[in-house]
Amino acid sequence: FMECLPIGNQWAAAAPVLIAVCGRAADDYTRTDDPVAYYQFDCGLAVMSLLLAATEEGLLTHPMAGLDAAQLHDVLEIPAEYHVMCVIALGYPGSIDQLDERNRKKDEAPRTRKGLAEIICKDRFGFTH
């Protein structure tokens, strides 16, 4: 499994559980006016539910998009019609001392979020970027 993750996600080897989130278009609902891939939306809802439930149980989670999907298909024998959406590391909190210097610096750095005006519109779509 770890061979399918890039060097930047190799820290996940310390997690006791890795989850490959998969979905397939055949299980999708398709609107006639706009062919939205709802199975991807459904996977996102399932991931969020899992993350919230794990947090409630005192676990840490970390979803990762950095992966080699083709290799993961081979390693886990995932049928071709399934798309790997992400991998989630799941486990109990560890010590920050267990992280390498690069990941420790990243973990300790202040985090910033977009302002509400960048993510919320009122009355009409108002983003120009």
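## Arg 111 and the salt bridges

At 65% relative accessibility, Arg 111 counts as exposed (over 50% relative accessible area, with buried under 20% and partly exposed in between, for a 1.4 Å probe and protein chains only). The side chain of Arg 111 meets that of Asp 107 in a salt bridge at 3.4 Å, N to O, where the term stands for a side-chain nitrogen of Lys or Arg within 4 Å of a carboxyl oxygen of Asp or Glu. Asp 107 is partly exposed, with a relative accessible area of 42%. Salt bridges with shared partners also join Arg 24, Asp 27 and Glu 81 into one network, in which the side chains of Asp 27 and Arg 24 meet at 2.9 Å, N to O, and Arg 24 is partly exposed at 24%.

This is a predicted model, in which local features need pLDDT of at least 70 and side-chain atom pairs count only at pLDDT 80 or more, whereas totals for chains, interfaces and linings use all residues. Residues are numbered from 1 along each chain as its sequence is written, and side-chain values use heavy atoms, with hydrogens and water left out.

The search of the whole structure finds four salt bridges, among them the one between Lys 105 and Glu 101 at 3.2 Å, N to O. Because Lys 105 and Glu 101 are four residues apart in helix H3, they are separated by about one helical turn; Lys 105 is exposed at 53% and Glu 101 is exposed at 52%.

## The largest pocket

The largest pocket has a volume of about 880 Å³ and is lined by 22 residues, of which Trp 11, Leu 60, His 62, Leu 99 and Asp 107 lie nearest its centre. Strand E2 (60–64), strand E3 (82–91) and H3 are the elements that give two or more residues to this lining. A pocket here is an open set of points on a 1 Å grid over the protein atoms alone, where a 1.4 Å probe fits, with protein on both sides within 12 Å along at least five of seven lines, and lining residues have an atom within 4 Å of a point.

## Positive phi values

Glu 77, in the loop between helix H2 (69–76) and E3, has a phi near 55°, a positive value in a residue other than glycine, and is exposed at 69% relative accessible area. Asp 123, in the segment after H3, has a positive phi near 75° and is exposed at 79%. Most residues other than glycine have a negative phi.

Notes
Points joined across faces, edges and corners; volume = space filled by probe spheres on them.
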